[in-house]
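Please open the model in your viewer, with side chains ready to be shown, and follow the stops below in order. Each stop says what to select and then describes what is there.

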Amino acid sequence: MPTEEIRVNGTVQGVGFRPTVYRLAKACGLRGDVCNDGQGVLIRVSGSEEAITEFVARLQTESPPLARINQLTRVIYQGEFKFDNFVISTSVSNAIKTEITSDAATCPQCQQEIFDPFSRFYRYPFTNCTHCGPRLSIIRVIPYDRCNTSMSAFAMCSECAKEYHDVENRRFHAQPVACHACGPSAWLERADGKSVTASMFSMLDDVDAVCTLLQKGEIVAIKGLGGIHLACDATQETAVQKLRQRKKRYHKPFALMARDIEIIEEYCTINAKEKELLTSSAAPIVLLQATGKKVVAASIASGQNTLGFMLPYTPLHHLILRRMNRPIVLTSGNLADEPQCINNEEAREKLGTIADYFLFHNREIINRVDDSVVRVVGDNVQTVRRARGYAPAPISLPPGFDNVPQILAMGSELKNTFCLLREGEAILSQHMGDLENAAAFNAYQETLNLYLNLFEHKPEIIAIDKHPEYLSSKLGKELAEKNQIKIYQIQHHHAHIAACMAENGIPLDSPPVLGIALDGLGYGDDGTLWGGEFLLADYRTFQRLATFKPVPMIGGEQAIYQPWRNTYAQLIAANLWDDCKQKYTDLEIFKFLKNKPLKLLNQLIEKRINSPSASSVGRLFDAVAAAIGIYRDECSYEGQAAIAMEAIVDVSSLNNDKETLIYPFNFSFSDRIYYIDPRPMWQALLNDLQQQIPQPVMAAKFHKGLANAIVEMVKYLSQENLISPVALTGGVFQNCILLEQVTKRLQTLGIKVLTHSLVPANDGGLSLGQAVIAAAQLIHEC
């Protein structure tokens, strides 16, 4: 009788895969066993050829909800076979090639149980099964067994052990399985150290008491799945402002959580794709269009027309919100720019002056995992931040990358992720934040070491950004020197484009694409700062065909947070300041700039003192926003002015095809490169300011004019180069209006457009690009 060994690779551990194998093998009348090992799942079966074929087919169509089969291979089994039945064998430790499952939102069955008074899981905040619950956040090493997670501290009671070992049960081999009798517990503390009990509020328990505290306007720090959050009632302006002042996060939007879809629909419009994302096992924050039917506190997301909502994704959150018929703020438990707190002592120390109360639990968080952020643009999902629910699910690489050695890519300075490349797949870390903060950089190093150990990844190549001052690049150089391995320095915008190519499945040996990379800034090959680039690129090399006219960033980093600096620099670069002094003296922007130390600023520009030249489209957005009166003086985070300008765009002007509703740009050619020059745009904008054209109309004219200029440049370049497809990447293309305008215009010309979905267009996707470029260059050298 035929006997086969079946190897299954993919997301197949901790998701109920072995019970499914067991059930199907029994149904097909097979003998043998199944076990987890470092490579995934190993199955040995004996039976008729027809039965084995049926078993394999059903295995691929009846996999558990969280499972993903990347590869299934069958070979004739040559070893000793002593099975009279089908059994689940003990896990085997060997070379690690399997995947780690992302943390998954509470499944419907577990939700039902925590609200069922007759269930032994009634109101238990850590209820889970093989279809849901913690994974990445609690794992120390592979294979994913209880002893290798933070659940090892909790011995199962007899009831949990019975379900754990019952192959017919939903909790069969669910490693975090626990209940009131044997599992983690949650409790409430006052930040001032005084004692507190649920009886003070006449509530069911400490978790239920949190809802009452939020309704009373208190701030509560809640330890959740991958970190600690700060929560308050999102409809109470006083509570939200108190949280902003204490957290020192003065303007950046707050994430919101609501009990159910119906509550979210009172505040936002939700289409089918957005509902699918909200209710998925990933349960990300979804950026939704605010309706204005009901409104949250004004300072939740000032200057924006979207709100970031998520649904409860743990039993703890479901229980807290059971009686809450309005949204709550649920933002990272940290001081501004620091990493999210993950343990109780750290939270008491760092959040004690922010929160009024703490809801803690005693299950250790091994891996800090922020909430993911996504939005729907047209019919496509755009990932803004890739973390909980998505990381570290691997990204399959295009043809040609199958046999590259292990590569580590260090990522960028801001919105950092790192990437491990191995055997045709890329493992992208969760969002690590901005490394310029010392605590964030320390957390980055700790997580990097954890991943390297978790996946037994021993890089033969390290890829870094070319910017000499990026902390991730400096660390990469140190690691390369210490381990005596080769290092590749990758240009920032080339990495953006390569990431877009890789996630869209462009094969290694494909002809070049035209990549349009628009962002804040990146270190260019010529030593200047780039940020508005048209690169003819494949995975190995690129040629810079066009760029936006470089303009000084007066004061360096200060220009990111004081948009007026960019306005003045643009007017000087366009030789329009004298016109302003003659024609536009009544304009608010002129009066504002005239009161700045212009003599000093001019000296900084002329002598190039802390005023690097940059072709940044991000700074162009800031300049226009400041000119028309949006966050002119100060911003508290990068891109705030640009985001606010996008939010006010007049839709009727945007959809009107009149040429008078498009700001013009010029084109020039010098030193073998084309330039987009915004001078005529500034002339038209100053005239509009003088005529008191409404802000929303001017914002629409700028977006349309910029999109038109980009597409016209593509037309110019296509006369000299074979251009198809075009890849749109970089943080500026997170602007939905610009992305849709450029995409629509290019597609009208018959040009295929590549955009991001799996990884962020911003620097959060950069490490993927770095990794595939290093791999391509290595293959070419060999």
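In which helix is the place of Glu 113? Select Glu 113 and you will find it in helix α3 (residues 108–114), where helices (H or I, at least four residues) and strands (E, at least two) are DSSP runs numbered from the N terminus. This is a predicted model, in which local features need pLDDT of at least 70 and side-chain atom pairs count only at pLDDT 80 or more, while totals for chains, interfaces and linings use all residues. Residues are numbered from 1 along each chain as its sequence is written, and side-chain values use heavy atoms, with hydrogens and water left out.

**Around Glu 113**

Glu 113 is buried, with a relative accessible area of 13%; buried means under 20% relative accessible area, exposed over 50%, and partly exposed in between, with a 1.4 Å probe and protein chains only. Leaving aside residues up to four places away in sequence, Glu 113 touches Ser 119, Phe 121, Tyr 122, Thr 127, Arg 170 and Arg 171, contact meaning heavy atoms within 4.5 Å. A salt bridge is a side-chain nitrogen of Lys or Arg within 4 Å of a carboxyl oxygen of Asp or Glu.

**Further salt bridges**

The whole structure holds 39 salt bridges, and three further pairs can be visited one by one. Select Glu 345 and Arg 348, whose closest N and O atoms are 2.5 Å apart. They are three residues apart in helix α10 (residues 344–351), and therefore separated by about one helical turn. Glu 345 is exposed at 55% relative accessibility, whereas Arg 348 is partly exposed at 30%.

Next, select Asp 525 and Lys 466, a salt bridge with its closest N and O atoms 2.7 Å apart. This pair links distant parts of the chain, 59 residues apart: Asp 525 is in the loop between β23 (513–523) and β24 (529–537), and Lys 466 in the loop between β21 (461–465) and α12 (471–483). Asp 525 is partly exposed at 43% relative accessibility, and Lys 466 is partly exposed at 27%.

Then move to Glu 638 and Arg 619, whose side chains meet in a salt bridge at 3.3 Å, N to O. Because Glu 638 lies in the loop between α19 (617–627) and α20 (640–647) and Arg 619 in helix α19, the pair ties together parts that are 19 residues apart in sequence. Glu 638 is partly exposed, with a relative accessible area of 28%, while Arg 619 is buried, at 5%.

**Cysteines**

How many disulfides does the structure hold? There are zero, a disulfide being a pair of cysteine sulfur atoms within 2.5 Å. Select Cys 107, which is in no disulfide and whose nearest cysteine sulfur, that of Cys 129, is 3.6 Å away; Cys 107 is buried, with a relative accessible area of 6%.

**Helices**

Select helix α15 (residues 564–573), where eight of the ten residues are buried, so that the helix is largely enclosed by the rest of the structure. Among the buried residues are Trp 564, Tyr 568 and Leu 571. Just after α15, Asn 575 takes a positive phi of about 55 degrees.

Now select helix α22 (residues 679–690) and helix α23 (residues 695–718), whose axes come within 11 Å and cross at roughly 170 degrees. The contact is made by Met 681, Leu 685, Asp 688 and Leu 689 of α22 and by Met 698, Lys 701 and Phe 702 of α23.

**Backbone stops**

Most residues other than glycine have a negative phi, and most peptide bonds are trans. Select His 173, which has a positive phi of about 55 degrees although it is not a glycine, and which lies in the loop between α4 (158–164) and β6 (186–190). The peptide bond from Ala 391 to Pro 392 is cis, with omega near 0 degrees, and Pro 392 lies in the loop between β16 (380–385) and β17 (395–396). Finish at the peptide bond from Ser 724 to Pro 725, which is cis with omega near 0 degrees; Pro 725 is in the loop between α23 and β30 (726–729).

Note on methods:
Axes are lines fitted to C-alpha atoms, for helices over the stretch in contact, and angles run from 0 to 180 degrees between N-to-C directions.
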